[in-house]
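I opened this model to look up its charged pairs. The overall layout comes after that.

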Amino acid sequence: VSQSRYKDVENRTWRTKFRGRVLIHAGVSDDFYRHVAKIESNPEQFPLYRKLWEDGRTFLHTGRILGSVEIVDCVINHPSIWVEKCEPIYKYGTDKIVQATYNWVLANPIKFAKPIPAKGKLSFWEYEGELPEII
């Protein structure tokens, strides 16, 4: 099992062929608070992930771009502790997957010194504002 100190996969219901750097946007959702609960129940295992927030227990940066990360792969049932395991469902009589939880494999995270306010959108979207030089 992967023992990464940061969230090394993103679970999605859709596959992506995109590989490269993307921005990390913290929206306000149940998933976000589930991740925080996992961090707070075992804080020593996730110190780098917790650093994305000024104070992971009292104030969370939501509705902001927190940093960036590279998407390096897209698989099913990655060994990370962050993975939502699934049995893929195939189209009858074929090897075509019609339903699965895809794990976007992440690497090389960068935390921005100051989160950037931004309204999120579904799927991939273009951010039109200024970004730090670090990316």
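I counted the salt bridges and got four in the structure. This is a predicted model.

I went to E10 and K7. Their side chains meet in a salt bridge, 2.4 Å from N to O. I checked the cover on K7: its relative accessibility is 10%. K7 is therefore buried, the cut-off being under 20%.

I then looked at R12. Its side chain meets that of E10 in a salt bridge, with 3.0 Å from N to O. R12 is partly exposed, at 33% relative accessible area. I noted K7, E10 and R12 together as a network of salt bridges.

Which residue forms a salt bridge with E70? I found R21, with the closest N and O atoms 3.2 Å apart. E70 lies in strand 3, residues 64-75, and R21 in strand 2, residues 20-26, so the pair ties together parts that are 49 residues apart in sequence. I looked up the accessibility of both partners. E70 is partly exposed at 26%. R21 is partly exposed too, at 29%.

Next, the layout. I listed two helices and six strands. Along the sequence I read β-β-α-α-β-β-β-β.

Residues 24 or more positions apart account for 76% of them.

Last, burial and surface. The protein has 135 residues, and 37% of them count as buried. I noted an accessible surface of about 8900 Å². Carbon and sulfur atoms hold 52% of that surface.

Terms used:
Residues are numbered from 1 along each chain as its sequence is written. This is a predicted model: local features need pLDDT of at least 70, side-chain atom pairs count only at pLDDT 80 or more; totals for chains, interfaces and linings use all residues. Side-chain values use heavy atoms; hydrogens and water are left out. Helices (H or I, at least four residues) and strands (E, at least two) are DSSP runs, numbered from the N terminus. Buried means under 20% relative accessible area, exposed over 50%, partly exposed in between (1.4 Å probe, protein chains only). Contact means heavy atoms within 4.5 Å. Accessible areas come from the Shrake-Rupley method with a 1.4 Å probe; for residues, only the protein chains shown count as cover.
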